[in-house]
Amino acid sequence: MELPNINHDLLPTPTLTQLEPVGNYDHPPRFLLLYGSLRERSFSRFLTEEAARILQHFGGEVKIFDPTELPMVGSVDESHPKVQELRALSQWSEGQVWCSPERHGAITAVMKNQIDWIPLEQGALRPTQGRTLAVMQVCGGSQSFNVVNTMRLLGRWMRMFTIPNQSSVPMAYKEFDDAGRMRRSAYYERVVDVMEELFKMTLLMRGRADYLTDRYSERSERAVKAINRQIAQL
């Protein structure tokens, strides 16, 4: 088959051999968890903490970012300590969990602000590209999927591998006890399912993310830039 518009030198055929993991991954899988509420009794935080316990049960290393005192995007310089903390955790992570309440049919400002502070590119680094992502939401009333759908869109834009499974907990105030622990239910079992799938997919991605996110268009762009640099040196 002829493909005259393709530079064949930049488009090798993918093989299973190229999917062999690269690098040393003796450390536990690393997960960053974000939640979208500042309330003292925050059900999105409670659900995030349940997710963290499950990931730790599987052997993961988990860090939950506290969005308290994170400034609004554009209000301060990116050198702010909370911004630097969030960006460092994103770069540290191999997988992430985003959990937000639903407000006016969408994610909260607290949740969106955290995501907006994580850039698509940061120098030569891409703080989210190739990382796995699980999305969850809590609802004050009947079950909705507006929030998880929105976060899937954002995850795609951030070049993350969002797992198929997800969690939406309706009437969340009924699902947690006074200590903030989630009660046994079908909703709890779904959270377990989501974290199990996230953990498995993160293991599959380890050492393969660079290859899986390597794109023909970007290789072509780099090749053109390299040629232009050579021409400029003549």
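This is a predicted model: local features need pLDDT of at least 70, side-chain atom pairs count only at pLDDT 80 or more; totals for chains, interfaces and linings use all residues.
Strand E3 spans residues 95-101, and seven of its seven residues are buried, so the strand is largely enclosed by the rest of the structure. In a regular strand the side chains alternate between the two faces of the sheet. On one side of E3 lie Gly95, Val97, Cys99 and Pro101, and on the other lie Gln96, Trp98 and Ser100; all of these are buried, which leaves both faces covered.

E3 pairs with two strands described here. Strand E1, residues 30-35, runs parallel to E3 and is joined to it over five bridges. Strand E4, residues 132-138, is also parallel to E3, with seven bridges between them. In the E4 pairing, cysteine 99 faces methionine 136.

E1 has a further partner in strand E2, residues 61-64; these two strands are parallel and share four bridges. Together with helix H1, strands E1 and E2 form a right-handed β-α-β unit. E1 is mostly covered, with five of its six residues buried.

| Strands | Sense | Bridges |
|---|---|---|
| E1 and E2 | parallel | four bridges |
| E1 and E3 | parallel | five bridges |
| E3 and E4 | parallel | seven bridges |

In soluble globular proteins, nonpolar side chains tend to be buried together. The largest nonpolar core in this model has 24 residues, and those touching the most other members are Leu33, Leu47, Leu55, Val97, Met136, Met195 and Leu198. Two or more residues of this core come from each of E1, helix H1 (43-57), E3, E4 and helix H5 (186-205). H1 gives the largest share, six residues. A second, separate core has 22 residues, including Leu32, Leu34, Leu70 and Ile115.

Which residues does valine 97 touch, not counting those up to four places away in sequence? Valine 97 is in contact with Leu32, Leu33, Leu34, Leu55, Leu133, Ala134, Met136, Met195 and Leu198.

**Serine 100**

Serine 100 belongs to strand E3. Is serine 100 buried or exposed? Its relative accessible area is 0%, so serine 100 is buried, the limit being under 20%. Leaving aside neighbours within four places in sequence, serine 100 is in contact with Gly36, Ser44, Ile107, Thr108, Met111, Met136, Gln137, Val138, Val147 and Met151.

**Two residues with positive phi**

Most residues other than glycine have a negative phi, and most peptide bonds are trans. Histidine 104 has a positive phi, near 55°, although it is not glycine. Histidine 104 sits in the loop between E3 and helix H3 (109-117). With a relative accessible area of 84%, histidine 104 is exposed.

Methionine 171 also has a positive phi in a residue other than glycine, with a value near 40°. The loop that holds methionine 171 lies between strand E6 (167-169) and H5. Methionine 171 counts as partly exposed, at 32% relative accessibility.

Definitions and conventions
Residues are numbered from 1 along each chain as its sequence is written. Side-chain values use heavy atoms; hydrogens and water are left out. Buried means under 20% relative accessible area, exposed over 50%, partly exposed in between (1.4 Å probe, protein chains only). Two strands pair if DSSP finds at least two bridges between them. A nonpolar core is a set of buried Ala, Val, Leu, Ile, Met, Phe, Trp, Tyr and Cys residues joined through side-chain atoms within 4.5 Å. Contact means heavy atoms within 4.5 Å. A crossover is right-handed if, with the strands pointing away from the viewer, the path from the first strand over the helix to the second runs clockwise.
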